[in-house]
Amino acid sequence: MLSPKKALIVAASLLLFWGAGQAWAGQGGPSSGDNDFQRVRTRVAELQEDISTINLLNGLNLSQDQEKQILELAQEARQVRERATINSASLMDAMRHAEIAYATLKEEIEKGAPARGQIPTQAAQINHRLKELQDQSNRQMSMEFNALEGKLRGVLSPEQLKVVEDFSPCLIPPVDLRSPVRAGQAASNQGTVNLLRRLRAIPEDKWQARRQMIAQRIVNNINENHYRMTEAEKTAAEAHLLAVLDQARQMSDMDFELAKEKLAEQVAPQDKIKNMRAEIEARLPHARKPQMSRLGRSLLSDNIIPILEQRLANTNLAGVR
Amino acid sequence: MDLNLMEPGSRRAFLAWMGRLGLSAALAPVALRALQVLGLPDGDQVQAAPLPLQSGPAPARYYTRLEGGKVQCQLCPRHEVLAPGQMGFCRVRQNLGGVLMTHAYGQPCVLNLDPIGKNPLCHFYPEMTVLAIAHAGCNLRCLYCQNWQFSQKSPTQTKNIVPFDFRQSAARMQARHIGGVSFTYTEADCAPEFAGDFAGFCGQFGLKRTLCTAGYLGKQPFQDLLRNFEAVTITYKGATDDFYQRVVGGSLRPVLESMVLAKTEGKWLEVATLIVPTLNDSREGLTAMARWLRGNLGAETPWHLERFEPQFKLMNLPPTPQQTLETARQIGLDAGLKFVYISNLAPHPGNHTYCPSCGRVLVKRLGFKVLENHLVQGACPSCRTRIPGAWA
């Protein structure tokens with residue numbers, strides 16, 4: 001029998017050697033490290049998507065009945081996606097033809113001159129056929145998605161639809177006690193109001209020395225993080241901003257408190273990109289991809305299914321004591 | 001201003017701090033004597049004299065003088081006896097040389113433009129925007145206070161919006177088409193001198209005047225205060241005196257009396273209850289509250305069930321579950337109350353006003369925002385049932 005001390009030394013040595021062996025084995029397999037990175041990256045993305053979906057669901061205050069109906073629609077949407085994959089045999093066939101034709105065309109034009117004759121003609125024909133098949137498949141999917149979205153609109157109240165429309169995904173929705181509508185990023189201008197308060201507190205001489213620099217910094221921030229501007233747009237934005245900031249500073253405390261929200265609206269960066277995206281979405285009914293609207297993307301995705309199942313299972317846990 | 005007076009960091013700082021303290025102590029009696037010489041009247045004799053540009057403490061009402069320079073505050077049920085220099089529990093009223101003074105007169109620390117629904121008031125000009133006004137201080141210590149950043153401070157500790165000019169404020173409100181003024185967020189009850197005077201002043205300009213209060217006030221002061229207001233929201237925080245003592249730091253009876261008083265004085269009254277998980281969310285307690293409201297204030301009194309968000313000293317509790325609020329709403333309706341709202345949780349069908357006769361949605365809301373108002377001269381357009389409140 002080993003004494004306890006020796007047994008401890010043996011056990012520690014075994015652990016040490018085992019650990020070293022693990023490390024060595026790890027070095028020998030760079031591909032397993034890569035796989036691990038990919039796996040973690042995918043998982044992180046999935047978790048982000050799940051958190052965003054849960055935030056939205058929390059903000060919608062759905063009834064149990066609504067949750068059940070949305071779950072059914074999301075399951076139907078999943079079936080539509082699966083059917084599209086299964087039924088795409090002809091599309092796959094066309095893609096295989098395209099693979100060969102495009103590779104031949106690539107080889108031909110790599111010689112340095114435009115392709116002539118049979119090769120480009122065949123590539124063009126296959127390209128046309130491929131697009132046709134894709135359009136056909138997408139039209140079918142879009143039609144089915146549209147029908148599901150229509151049903152989804154019937155499930156939600158107009159107020160809930162508005163919340164989905166305004167939803168900006170985020171990890172931690174800030175608690176804004178000024179508004180009980182809480183889903184996604186805050187729409188409040190509280191941060192900008194606080195900025196204005198700080199600017200009002202700067203002594204006049206320091207303000208005069210720094211106002212241009214402060215305005216430039218705000219405009220640069222908008223330019224870098226929200227909306228890329230031309231030089232002319234930047235100059236105009238700076239002038240506008242300076243006028244608003246000067247006005248905010250000149251106001252009495254009372255006037256400022258009454259006008260702070262309106263002033264903040266003029267200083268805060270407008271989400272012009274969001275508006276542009278919405279316009280593009282509205283003007284692209286013939287998009288090649290079977291696009292769902294924001295509503296469908298938010299509530300008919302595959303990841304919502306286990307989340308809703310879990311919520312429905314937990315529903316009976318709350319209530320009055 | 002450095003408010004961290006109690007924690008001098010180094011020996012040098014400590015000595016400097018002691019020096020300042022000594023100097024203040026030496027000058028205080030001189031200052032107080034000067035105030036007395038200037039002829040500040042006894043609390044009982046003080047009349048409504050607007051001091052719109054008041055920048056320091058103003059004479060308070062509702063107190064009696066006692067021997068030895070002490071005063072007894074008669075404003076709230078605490079009836080505190082304050083020695084010279086002593087600050088009241090509310091952190092608003094202070095005995096300065098045998099005279100009770102208020103630090104809140106003309107010292108608001110919050111001014112916001114709010115929808116009236118935030119008060120919460122759902123049956124009083126529901127689309128109106130009001131100037132929400134609050135000063136620091138409160139005579140309660142709710143563990144879940146949602147405005148503790150200024151309710152649990154003295155007006156001497158907050159950055160106040162001064163000078164606060166009554167006339168200028170009322171004129172600005174008119175110019176901006178603001179429908180009225182609402183004393184909310186903190187306890188305007190602690191400074192009835194300011195709340196009453198300013199509300200009364202606004203009334204001369206045709207502005208509506210509303211008050212949100214815990215109703216923890218003496219009968220006479222509350223009756224006087226109510227004269228200057230048209231609508232009141234009283235927070236009925238819990239069913240039992242034990243809850244009031246443990247969680248709120250007050251007692252239940254004066255609150256019940258205030259609600260009855262507001263009703264008998266003919267003010268438009270709505271009642272709000274913040275439902276805190278594990279503290280006041282029992283079926284028994286909610287049923288008792290609903291029955292009391294039905295029996296003492298009438299079935300037509302709106303009851304707002306508000307969602308709790310972890311705040312102040314109850315950060316360990318979760319937000320009120322949606323289902324708890326829905327069950328509580330059903331308890332209210334089952335008790336016979338006709339208008340039971342879910343607040344601070346939106347969107348939700350419990351945010352809307354329904355006709356109690358035909359069930360039609362009359363006022364549709366998203367949070368505090370009114371989306372649709374179908375009322376016709378205060379009545380349901382379908383069945384003509386009159387809906388209590390002030391609508392247009």
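**Figure 1. Salt bridges across the whole structure.** A search over all chains of this predicted model finds 26 salt bridges. The views that follow show some of these pairs.

**Figure 2. Arg39(A) and Asp36(A) meet in a salt bridge.** Their side chains come to 3.1 Å, N to O. Both residues belong to helix H2 of chain A, which covers residues 30-60. They sit three residues apart, so about one helical turn separates them. Arg39(A) is exposed, at 52% relative accessibility. Asp36(A) is partly exposed, at 39%.

**Figure 3. Glu108(A) pairs with Lys111(A) in a salt bridge.** The closest N and O atoms are 3.3 Å apart. Lys111(A) has a relative accessibility of 65% and counts as exposed. Glu108(A) has a relative accessible area of 24% and is partly exposed.

**Figure 4. A salt bridge links Lys364(B) to Glu159(A).** Here 3.6 Å lies between the closest N and O atoms. Lys364(B) is part of strand E16 (residues 361-366) of chain B, while Glu159(A) is part of helix H6 (residues 158-166) of chain A, so the pair joins two chains. Lys364(B) has a relative accessibility of 16%. That value counts as buried because the cut-off is under 20%. Glu159(A) is buried too, with a relative accessible area of 4%.

**Figure 5. Three residues of chain A form one network.** The members are Arg197(A), Glu257(A) and Lys260(A). Salt bridges with shared partners join them.

Conventions: Residues numbered from 1 in each chain as written. Chains lettered and ligands numbered in written order. Predicted model: local features only at pLDDT ≥ 70, side-chain atom pairs only at ≥ 80, totals over all residues. Heavy atoms only, no water. Salt bridge = Lys/Arg side-chain N within 4 Å of Asp/Glu carboxyl O. Helix = DSSP H or I, 4+ residues; strand = E, 2+ residues; numbered from the N terminus. Buried < 20%, exposed > 50% of the residue type's maximum accessible area, 1.4 Å probe, protein only.
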